[in-house]
Structure formats: structure tokens, C-alpha cells
Amino acid sequence: MTMDFADRVTRVEPSATLAISALATELEAEGADVVDLSVGEPDFPTPDNIVDAGKAAMDAGHTGYTTSAGILELREAIAEKLADDGLEHGPEEIIVTPGAKQALYEIVSALVEDGDEVVLLDPAWVSYEAMVKMAGGSLTRVDLSAFDFQLEPALDDLASVVTDETELLIVNSPSNPTGAVYSDAALEGVRDLAVEHDVTVISDEIYKEITYGVEPTSLGTLEGMADRTVTVNGFSKAYSMTGWRLGYFAGPEELVDQAGKLHSHSVSSAVNFVQHAGIEALQNTDEAVEEMVAAFEERRDLVVDLLEEEGVDVAVPDGAFYMMLPVDSDDQTWCEGALEDAHVATVPGSAFGTPGYARISYAASEERLREGIERLAEEGYL
């Protein structure tokens, strides 16, 4: 039997990040010692108080279904967190999802139809493109690489592509894969274009709690953006809860109602006891988050210094735990060679729409970061 697969699936490539990780796993299975700088996952354990809250929730019997949008206590806690960021959303304007990726998928699917234009800021996280393609949308991309990955100096380029035909603009600050935090002036430029052309904006703020000496602004706090911004965040990165799969989005109630249909008919709800752990994360984990962020900043500085010693300059990130390393124009071949020869896993920049770079994740121990940079230098990749 020959199966006839849907176009919305065949036009999408697998995640390049996970593909590199799979190759690294194969090498490790063969006995190689791979320094994996490819996957965006904190190397810290989930803080004990969150783990204890999850266990207590299971012991208390919170193992069944919840309401589709999520338990009220968690949505209220999220609303309080958003209020601290300057965003006003009631629990009825929030949906709790199994990870922030699911939140993004539901929003894109609710907003984008065949032929709708979606604007991305490159380098852009790999799954944005896939989600838009699966929804039938078309992509217009704005390259920020010439501006050290900052948006403010590229506002004219953005203005040249955003029109009345633009359905959606996706903004990710702090950024994956660059770690860039966009200035208030940049976000105000986005606001002006969104209002002028009546464009909905997704503000992906999954790394908002991981910044170094800067305070990122939530796009939805700007005048004119409250009713056209969908804010996405989650627990994976800031709270080191990647495997718990817990995220959320907040936006205009009419969008939440429509996206909620997809949510209820696909995943039903996020895991019950995980939602209870999420309350604990939001309310009682600030100190642990600060300690992890401080460690990430030290690692960032270490990698920047090590690369500088090798004569390599990089745009120093102000957030997240990634940086873009300039490499050969054929970045795919460079990354494959670095993995095979130096046993260091990175992700090609072309996966993010920006060839000529490799993404390094410094969510690894200082020892492994030193080892990885030394190997790349010894094998002639720096």
C-alpha cells in the first residue's frame, strides 16, 4: 500500500535542532565523547520545591483531567505574573498548554489560512516556519544578521515588507537563536507598523526571565498593542522544566476562544499535577531562577572570552543561552564536520534562516564549554 500524505506535512522538514541531536546520540552510542552544544535545554535539575509540589499534587490525587484551559489557580498565578510584566489579562484570556511550542502551534493555526503572509525576523526559531507552512501560510523574512541580530537598525527593512496584506508578525525577544534582546525603540517600531497595517503580533517571551543586565519589555504593554498581541511563555527554560511540558499563552478573549477549540480537540489539557507544580514555580522559585541566570551569564562570558582568544568575534547576547558563531558559508557542512571531527554538536544557522553561522548553546557546564571550544580550535573549525 502506498500512502498519500497531506501537503501540509510533506512541505515541512524535521527539526534541524533535533536532527543534530540525533546524530550526536548515534556517535555517543558508538562510544564517542560528544560535547553537545546543540540543544536548548538547561543542564540544571528542576528546583526541588517544584519537584516536591508535583509529587504532592500526585499524592493529593491531582491525576485526572482538568478543564481544557487549565486549572483556575494556575491561570490566576499566570495572570499575576503577567501583571508584574505590565500585561493585563484575566484567567479567561489565558490557556495553559503542554509546552510553549503547543501554544505557538495553536495560535498560528487559529490565525493563518492558505496564502496568508507571516513575517519572521531572521534568525528565527526553526519551528515558526514549520508551523506557518502547516497552516498553509507564506513566509516573508527580514534578515537581522547585518545588524548584530538587533531589530532597531533593521526597522526600515521591516517596514518595507509589512503591508495591509500581512496577517501575522512573530517577535521573539530574548531571541532563540541569537540571545538578542530588542530595544524599546525597536518594539515601538513594531507597534507602529502593527497598528498602521492592522497586524496581529505573537510575542514569544519564553526566555524573558533569562537576561543579563537588561530588562526586556513585553510587546503587549505598548500603547495600541493590548488587543493585537498574543503573549507566549512557559516553564521549560527559566525553571528548567523542559520535560514537564508546561506553557501558556494570553491574548484577546476572542482569539483564546478560537484557539481553545483546537486545544480541546487535540491535547485536551496540560497534565494536572504538572499544572500544580507550575503554581509553585511562579510563586516560590525566584531565588533558584536568579542563581541559574547568574550561572548562564558566567558561561556566556567564558565562551565569549574563549572565542576571542581564538580570534573569533561574536555578537554578545543579552539574554537566553545561545550565541551565533560565524562559520563557513556552507554552515551545514561545517556543523557536520565539527560533529564528526571534533565531536562537538552545534546547529547550522541556515536552520534559522541565516546561513554562515552555527548556533552554540552555552547551557552546559564550564568544563564542557571549555572542552568544546578547545576541540573546535584543535580541529581547525575556529
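His197 sits in helix H8 (residues 184-197). Helices (H or I, at least four residues) and strands (E, at least two) are DSSP runs, numbered from the N terminus. The model is predicted: local features need pLDDT of at least 70, side-chain atom pairs count only at pLDDT 80 or more, and totals for chains, interfaces and linings use all residues. Residues are numbered from 1 along each chain as its sequence is written, and side-chain values use heavy atoms, with hydrogens and water left out.

**Helix H8**

His197 is buried, with a relative accessible area of 14%. Buried means under 20% relative accessible area, exposed over 50%, and partly exposed in between (1.4 Å probe, protein chains only). The His197 side chain reaches the backbone oxygen of Val162 at 3.4 Å. A polar contact is a pair of N or O atoms within 3.5 Å; within protein, one must be able to donate a hydrogen and the other to accept it, and residues adjacent in sequence count only if both atoms are side-chain atoms. With neighbours within four places in sequence set aside, His197 touches Val162, Thr163 and Asp164. Contact means heavy atoms within 4.5 Å.

Gly189 is also placed in H8. Gly189 is buried, at 13% relative accessibility. Its C-alpha atom is separated by 29 Å from that of Ile360, 171 residues apart along the chain.

The table gives both pairs. Axes are lines fitted to C-alpha atoms, for helices over the stretch in contact, and angles run from 0 to 180 degrees between N-to-C directions.

| Pair | Axes | Angle |
|---|---|---|
| H5 and H9 (residues 253-266) | within 9 Å | roughly 120° |
| H5 and H6 (residues 126-135) | 9 Å apart | about 35° |

The H5 and H9 crossing is right-handed. From H5, the contact uses Gln102, Tyr105, Glu106, Ile107, Ser109, Ala110 and Leu111; from H9, it uses Leu255, Ala259, Leu262, His263 and Ser266. Seven of these residues are nonpolar, four polar and one charged. Ala, Val, Leu, Ile, Met, Phe, Trp, Tyr, Cys and Pro count as nonpolar, Asp, Glu, Lys and Arg as charged, and the others, Gly among them, as polar.

The H5 and H6 crossing is right-handed. Lys101, Leu104, Tyr105 and Val108 of H5 meet Ser127, Tyr128, Met131, Val132, Met134 and Ala135 of H6. By class, this contact has eight nonpolar, one polar and one charged residues.

**Loops and backbone**

A cis peptide bond joins Asp122 and Pro123, with omega about 0°. Pro123 lies in the loop between strand E3 (117-122) and H6. Ser173 and Pro174 are also joined by a cis peptide bond, with omega about -5°. Pro174 is in the loop between strand E5 (166-172) and H8.

Phe149 is not a glycine, yet has a positive phi of about 70°. Its loop runs between strand E4 (138-143) and helix H7 (155-159). Phe149 is buried, at 4% relative accessibility. Ser240 has a positive phi near 50°. Ser240 lies in the loop between strands E7 (229-234) and E8 (247-250). At 6% relative accessibility, Ser240 is buried.

**Annotated domain**

An unreviewed UniProt entry places "domain: Aminotransferase class I/classII large" at residues 33-376. Over that span the chain is 40% helix and 16% strand, and the end C-alpha atoms are 14 Å apart.

How values were computed:
Left-handed = near helix turned anticlockwise from the far one by under 90°. UniProt positions renumbered as here; feature names shortened; annotations may be inferred.
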